[in-house]
Amino acid sequence: MAGNVMEWALDGYWPYPSEPQTNPVGARSVLRIVRGNAFGQDEIDLCRARQRDPTAPSFRRGYFGFRCAHGVQ
């Protein structure tokens with residue numbers, strides 16, 4: 001999936017703490033996260049899951065996408 005579109009995430013943007021994190025989810029900011037990199041962009045070294053950028057929820061690009069996931073209950 002990496003490299004097709006940048007993935008919109010539910011997470012709000014905040015700097016990660018120095019201690020290890022396990023699935024830090026939640027809206028702690030008005031900014032949202034887009035992860036990875038997308039087709040047609042020059043920064044191939046940024047095409048990884050840990051790459052994240054803060055983005056306003058109203059900001060749109062043709063290379064932003066999302067992944068449908070079903071939570072286990």
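Strands are DSSP runs of E with at least two residues, and helices are runs of H or I with at least four, both numbered from the N terminus. On that basis the protein has four strands and zero helices, and its elements follow the order β-β-β-β from the N terminus on. The model is a predicted one, in which local features need pLDDT of at least 70 and side-chain atom pairs count only at pLDDT 80 or more, while totals for chains, interfaces and linings use all residues. Residues are numbered from 1 along each chain as its sequence is written, and side-chain values use heavy atoms, with hydrogens and water left out.

Contacts (heavy atoms within 4.5 Å) give a view of the fold: among those between residues at least 6 apart in sequence, 54% join residues at least 24 apart. The accessible surface (Shrake-Rupley method, 1.4 Å probe, with only the protein chains shown counting as cover for residues) comes to about 5600 Å², and carbon and sulfur atoms hold 55% of it. Of the 73 residues, 27% are buried, where buried means under 20% relative accessible area, exposed over 50%, and partly exposed in between (1.4 Å probe, protein chains only).

The aromatic rings deserve a look of their own. Rings of Phe, Tyr and Trp (its six-membered ring) pair if their centres lie within 6.5 Å; planes under 30 degrees apart are stacked, over 60 edge-to-face, and the rest tilted. F64 is buried at 13% relative accessible area, whereas F59 is partly exposed at 35% and Y63 partly exposed at 24%. Together with W8, these residues F59, Y63 and F64 form one aromatic cluster.
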